[in-house]
Every structure is written in C-alpha cells, then in structure tokens.
Amino acid sequence: MQRVCFLLKVRPDRLAEYRERHRDVWPEMREALSRTGWHNYSLFLRDDGLLVGYLETEDFEAAKKAMAETDVNARWQAHMAPFFEGIDGRPDENKVPLEEIFHLD
C-alpha cells in the first residue's frame, strides 16, 4: 500500500466555507473516491490555510487517473477550485506527493 501526503493552500478568506463544503461531501464523490482506490483519505486544515492531504492507495498515479476520468470529479474540482491559492488548473492536478522519509508501523 502506498501512503501519499500532499500540500495545498486554501485562501484564508475562504476557510469557513471550505470547511463547510467538506462537512457534506457529495455521496457520489465519496463513492467515486472509494471505487478508484482512494483509501484512508483525510484532509487537515490549518488556520492560515495550509491544507495537508493524506491517503493510502495501491497506485497513486492509477488512482488519480481513474478519478480524473469521472464526471463527478470534474464537477467537484470546478466547485472547489476558487478556494485555492497558487495553483494552475484544477486542484486535483496540483496534488504533488511529498517524499516519505520515515514511517513507524
């Protein structure tokens, strides 16, 4: 199982609304994530807008590709894109994994 962590930056003036949208993630989005191999997926948000994402998957590139091919993902990315700073394109295209340098099992 591959462990993946990534960082994004949420606009500070949009934090409350960003949190609110994640309280009610669309059921079809949740189902698509599970079906395409995204497991144990969590988002953590700091008050300055730093967003840390973590997930486990068999193959991150395959999971990203499968998710990118879903209609619900395109709608969700368009829905969420205005919340982010410093990205070009869709938020899911900016999830660059951090290098894992230590893991305690």
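Asparagine 40 is partly exposed, at a relative accessible area of 48%. Partly exposed lies between buried (under 20% relative accessible area) and exposed (over 50%), with a 1.4 Å probe and protein chains only. Asparagine 40 belongs to strand S2, residues 39-45. Its phi is near 50°, a positive value in a residue other than glycine. Most residues other than glycine have a negative phi.

This is a predicted model: local features need pLDDT of at least 70, side-chain atom pairs count only at pLDDT 80 or more, and totals for chains, interfaces and linings use all residues. Residues are numbered from 1 along each chain as its sequence is written, and side-chain values use heavy atoms, with hydrogens and water left out.

Helices (H or I, at least four residues) and strands (E, at least two) are DSSP runs, numbered from the N terminus.

**Aromatic pairs.** The whole structure holds six aromatic pairs. Rings of Phe, Tyr and Trp (its six-membered ring) pair if their centres lie within 6.5 Å; planes under 30 degrees apart are stacked, over 60 edge-to-face, the rest tilted. Two of the pairs are tabulated here.

| Pair | Centre to centre | Angle between planes | Type |
|---|---|---|---|
| Tyrosine 18 and phenylalanine 83 | 5.7 Å | 65° | edge-to-face |
| Tryptophan 26 and tryptophan 76 | 4.9 Å | 90° | edge-to-face |

Tyrosine 18 lies in helix H1 (residues 15-23) and phenylalanine 83 in the segment after helix H4 (71-80), so their pair ties together parts 65 residues apart in sequence. Tyrosine 18 is buried at 4% relative accessibility. Phenylalanine 83 is buried at 0%. The charged end of arginine 14 sits over the ring of phenylalanine 83, 4.2 Å from its centre. That term requires NZ of Lys or CZ of Arg within 6 Å of the ring centre and within 35 degrees of the ring normal.

Tryptophan 26 is partly exposed at 22%, whereas tryptophan 76 is buried at 7%. Phe6, Trp38, Tyr41 and Phe60 form one aromatic cluster.

**Largest pocket.** Its volume is about 550 Å³. A pocket is an open set of points on a 1 Å grid over the protein atoms alone, with protein on both sides within 12 Å along at least five of seven lines; lining residues have an atom within 4 Å of a point. The volume is the space filled by probe spheres set on the points, which are joined across faces, edges and corners. The largest pocket has 25 lining residues, and His22, Val25, Leu33, Tyr41 and Leu43 lie nearest its centre. S2 gives the largest share of the lining, five residues.

Conventions: On a 1 Å grid over the protein atoms alone, a cavity is a set of points where a 1.4 Å probe fits but cannot get out, and a pocket is an open set with protein on both sides within 12 Å along at least five of seven lines; lining residues have an atom within 4 Å of a point.
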